[in-house]
Every structure is written in C-alpha cells, then in structure tokens.
Amino acid sequence: MKFWIFMFIMNLLIPIIMIIFGKLFIKNAPKSINMAYGYRTSMSMKNKDTWSYAHKLFGGIWYKLGFVLLILSILASLFTINRSENIISTVTLIIQTTEMIVLILPIFYVEKKLKKIFDSDGNRKSIEDI
C-alpha cells in the first residue's frame, strides 16, 4: 500500500503544478520579460503585450487542463488499489506520459494564436489581417 500511495502522489504532481501555475499566470504574469520564469518563447518575449497575452492564454489552458488531468489521474489511480507493483507501475507510466503530453501540447496552440494576433515584430495585427 505504501508503494501505491507514493505513486498516487506522484501522479498528482503535474496536474497540481499546472493548476497552480495556470492560476498564477492568469492573475499575475511575471512583471518583466525574463529568461528565468514564465512562458518563455521567442514570440512571447517580443514585448510586454505578447508577454501578457501569452501568459493569460497559456495560464487559462493549463488551469483548466490541470483540473481535467487531476480528476482523470485520481480515477485511473483508484483502479490500481490492491494491485501488484507491476500493474501500479505500468498504469503510473501511462498516466505520467499522458500528463507530460498534455503539459506540453498547449505550447503549440499558444504559439499559433500569438502568430495569428501579432506580427513577427510583436505588433498586433489589424482586424482585417486576422
């Protein structure tokens, strides 16, 4: 049971981090564009406008997906109670691989939206261009 509890906690780390950072990015994007903390891509770091937009969009996606992953991870983990360590390990591997994919996928969506709304210099496109 100790192994199951440990793996259960490990399965919840990524969704909880996504929820916390999602909420943080929605409410308080890092004040200054920096290389240490935040949603850091070449497009998001063009200027303050792209920086703020990217953080609000990315934060909102992470926040919502974090809750979805949290519920799914709990449900999947519950099916492994009183199972062998091999089954628990295999299910945990599947859960965490899925979580990592869901953690990374929003980057592609946010970058696509940034390129749709901003030009290559980080200036907002006119409504006709969008």
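User: Buried means under 20% relative accessible area, exposed over 50%, and partly exposed in between (1.4 Å probe, protein chains only). Which one does Asp-49 count as?

Analyst: Asp-49 counts as partly exposed, at 31% relative accessibility. Before going on, this is a predicted model, where local features need pLDDT of at least 70, side-chain atom pairs count only at pLDDT 80 or more, and totals for chains, interfaces and linings use all residues. Residues are numbered from 1 along each chain as its sequence is written, and side-chain values use heavy atoms, with hydrogens and water left out.

User: OK. What does the side chain of Asp-49 meet in a salt bridge?

Analyst: The side chain of Arg-124, at 2.9 Å from N to O. The pair links distant parts of the chain: Asp-49 is in helix H2 (residues 48–78), while Arg-124 is in the segment after helix H4 (106–117), 75 residues apart. Helices here are DSSP runs (H or I, at least four residues), numbered from the N terminus.

User: How many salt bridges does the count come to?

Analyst: One. The rule asks for a side-chain nitrogen of Lys or Arg within 4 Å of a carboxyl oxygen of Asp or Glu.

User: Switching to Ser-44. Where is Ser-44 found?

Analyst: Ser-44 is found in the loop between helix H1 (2–27) and H2. Ser-44 counts as buried because its relative accessibility is 0%.

User: Which backbone atoms lie by the Ser-44 side chain?

Analyst: Two of them. The backbone oxygen of Tyr-39 lies 2.8 Å from a polar atom of that side chain, and the backbone nitrogen of Thr-41 lies 2.9 Å from a polar atom of the Ser-44 side chain.

User: What is Ser-44 in contact with, leaving aside neighbours within four places in sequence?

Analyst: Tyr-39, Thr-50, Trp-51, Ala-54 and Leu-114. Contact means heavy atoms within 4.5 Å.

User: Which residues line the largest cavity?

Analyst: Trp-4, Met-7, Phe-8, Asn-11, Ser-77, Thr-80, Ile-88, Val-91, Thr-92 and Ile-95. H1 and H3 are the elements that give two or more residues to that lining.

User: Ser-77 is on that list. Is Ser-77 buried or exposed?

Analyst: Ser-77 is buried, at 3% relative accessibility. Ser-77 is found in helix H2 and, with neighbours within four places in sequence left aside, is in contact with Trp-4, Phe-8, Asn-11 and Ile-95.

User: Phe-25 lines the pocket, but where is Phe-25 found?

Analyst: In helix H1. Phe-25 counts as buried because its relative accessibility is 5%. Leaving aside neighbours within four places in sequence, the contacts of Phe-25 include Tyr-37, Gly-38, Tyr-39 and Phe-58, which are pocket-lining residues as well. His-55, Lys-56 and Gly-59 are also among the contacts of Phe-25.

User: Lys-56, then. What separates the C-alpha atoms of Asn-28 and Lys-56?

Analyst: 8.8 Å, with the two residues 28 apart along the chain. Asn-28 is in the loop between H1 and H2 and is partly exposed at 44% relative accessibility.

User: Last one: what phi does Asn-82 have?

Analyst: A positive phi of about 60°, although Asn-82 is not a glycine. Most residues other than glycine have a negative phi. Asn-82 has its place in the loop between H2 and H3, and is exposed with a relative accessible area of 69%.

Definitions and conventions
On a 1 Å grid over the protein atoms alone, a cavity is a set of points where a 1.4 Å probe fits but cannot get out, and a pocket is an open set with protein on both sides within 12 Å along at least five of seven lines; lining residues have an atom within 4 Å of a point. A polar contact is a pair of N or O atoms within 3.5 Å; within protein, one must be able to donate a hydrogen and the other to accept it, and residues adjacent in sequence count only if both atoms are side-chain atoms.
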